[in-house]
Structure formats: C-alpha cells, structure tokens
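Me: I would like to go through the ligand site of this model with you, one question at a time. Could you start with the terms that we shall need?

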Amino acid sequence: MALIVPSILSADFTRLGEQVKAVADAGADRIQVDVMDGHFVPNISIGALGVEAVRRSTTLPIEAHLMITDPTRYVDDFLRAGANLIIFHSEVLDDPRALIGYLHQQGVKAGLAISPETDVARVEPFIDAADLILVMTVHPGFGGQEFMAECLPKVSRLRALLTERHLQTDIEVDGGIHAGTAAQAVAAGANVLVAGSSIYGHAQGAAAGLRELRAGIGG
Ligand code: DX5
C-alpha cells in the first residue's frame with residue numbers, strides 16, 4: 001500500500017499544529033514541509049522554522065523538500081530542526097553522492113527530486129545511493145497546480161530500473177495528487193504520494209481529504 005504524505009504548503013498556518021494533528025490522527029505516514037528559496041523556484045515559502053513547528057506538533061517522521069539552489073549550505077539547519085528525510089533537487093548538484101553520504105552519516109534519509117523537465121537519466125547513477133526518488137508532477141514552486149500525466153513514464157522507467165537492480169529505493173510523486181491521479185501514479189509504480197491542496201483544501205476538512213485519497217488507492 002502506498003504511503004500518503006500530506007504537504008503543509010496548503011495548510012492553514014494560523015492553526016498549523018491542529019492541521020498537522022488532524023492528518024496524523026487520520027493516518028498520514030509522514031509530513032512534508034515544502035521549502036522554497038525564491039531562487040531555485042519563483043516562490044518563497046518556509047525554512048527550518050517550519051520543520052521545527054511541525055516537529056513540535058507530531059511524532060510522525062518529517063520530510064523536508066528543499067526546492068533551493070544550495071541545499072549543502074542549509075542542510076544542517078533542517079537536521080537541527082528535526083527532519084528525518086531530506087529531499088533535494090538533482091538539478092542543483094552534478095554529483096549528489098557527497099550530500100547523500102553526509103545525510104546518512106547524520107542518521108537521516110536522503111531523497112533526490114527531478115522536476116518535470118528533468119529526465120530519469122539525471123538520477124539513474126544514484127538510485128542505489130538515495131533512499132527515495134521524487135518525481136515532480138508539477139513545476140515546483142506552488143501548490144494547487146494541475147497534475148502532469150506526461151511525467152508518469154518517468155515513474156514507470158524508475159520502477160523498472162529499481163526492479164532490474166533489486167533496489168528498495170522509494171518512488172515518490174508530488175504535485176496535483178488527488179483520489180483520481182493517485183491511482184495513476186501508483187499504477188505507474190509510485191509507492192509514496194505527496195498531497196497538499198487535495199487534503200488541506202477538502203471541503204470536509206483535512207482528515208476527510210486524506211481518507212478520500214487513501215480510498216482512491218484502495219486503502
Ligand atoms: C510544489 C510543491 C507541491 C506540494 C503539493 O513545489 O512541492 O507539489 O508539495 O501540492 P499540491 O498537492 O497542492 O499539488
């Protein structure tokens with residue numbers, strides 16, 4: 001069964017603690033904090049303070065999705081803030097092995113992300129080292145965008161490579177995930193789903209949004 005990871009990007013920040021608890025109580029597998037620097041992506045969101053706030057709100061694992069140009073410079077802030085998994089973008093480091101190795105030394109997991117315009121070839125040499133590959137199905141920078149189904153062949157290609165090499169690396173999909181698109185992502189080979197607006201924007205509240213998403217993948 002795929003893991004479901006709510007992204008707090010679309011949460012109500014005036015009551016962030018409650019919003020985190022709502023999805024944790026509804027069965028979220030971990031929480032994602034979307035970090036944006038206004039340089040790698042055309043938006044500025046939150047930094048390590050956001051991870052600290054989530055850390056104080058739940059015992060669930062936290063993943064920090066660093067949509068930033070210089071993850072190596074800032075990674076220790078996110079480690080101190082309590083992140084358990086740090087995902088950085090393959091587009092900003094030609095050889096991510098050193099940063100992956102550092103994260104493992106620090107006792108946390110390492111994820112590599114590819115934006116829609118980036119091919120699987122960019123991360124193929126590192127799928128044995130990373131714990132997770134994140135395939136973005138929207139252009140990074142904003143929540144609430146339309147799902148880009150044209151990215152799904154990359155998920156299938158990754159799944160085929162991992163199967164061929166007997167690797168347990170997770171494949172995460174993030175962007176435009178709701179009950180309908182989640183089933184497509186899982187069918188393509190994803191085993192971790194990130195969702196923000198379909199959970200926190202749900203008319204009946206975040207817990208209902210998460211339950212609907214879980215039902216959409218037969219959970
Ligand atoms: C984009 C963000 C979003 C977020 C989820 O940079 O990474 O994908 O996690 O947003 P939704 O689920 O609203 O598309």
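Reply: Helices, of at least four residues, and strands, of at least two, are DSSP runs that are numbered from the N terminus. The model itself is predicted.

Me: Which elements each supply at least two residues of the lining of the largest pocket?
Reply: The pocket in question holds about 290 Å³ of space, and of its 28 lining residues the closest to the centre are Gly143, Gly144, Gly175, Gly176 and Ser197. Among the elements, those that each give at least two residues to this lining are E2, E3, E8 and helix H7 (197–200).

Me: How many charged residues does the lining of the largest pocket have?
Reply: Sorted by class, the lining includes eleven nonpolar and 14 polar residues. The remaining class, in which Asp, Glu, Lys and Arg are counted, contributes three charged residues.

Me: Where does the ligand sit?
Reply: A molecule is assigned to a pocket if more than half of its atoms lie within 2 Å of the grid points of that pocket. By this criterion the ligand sits in the largest pocket.

Me: Which strand gives the most to the shell around the ligand?
Reply: The shell comprises 20 residues, of which Asp34, Gly141, Asp174, Gly196 and Ser197 come nearest to the ligand. Strand E2 (31–36), strand E3 (62–67) and strand E8 (192–195) each provide at least two residues of this shell. With three residues, the strand that gives the most is E2.

Technical notes
Residues are numbered from 1 along each chain as its sequence is written. This is a predicted model: local features need pLDDT of at least 70, side-chain atom pairs count only at pLDDT 80 or more; totals for chains, interfaces and linings use all residues. Side-chain values use heavy atoms; hydrogens and water are left out. A residue is near a molecule or strand if one of its heavy atoms lies within 4 Å of it. On a 1 Å grid over the protein atoms alone, a cavity is a set of points where a 1.4 Å probe fits but cannot get out, and a pocket is an open set with protein on both sides within 12 Å along at least five of seven lines; lining residues have an atom within 4 Å of a point. Grid points are joined across faces, edges and corners, and a volume is the space filled by probe spheres set on the points.
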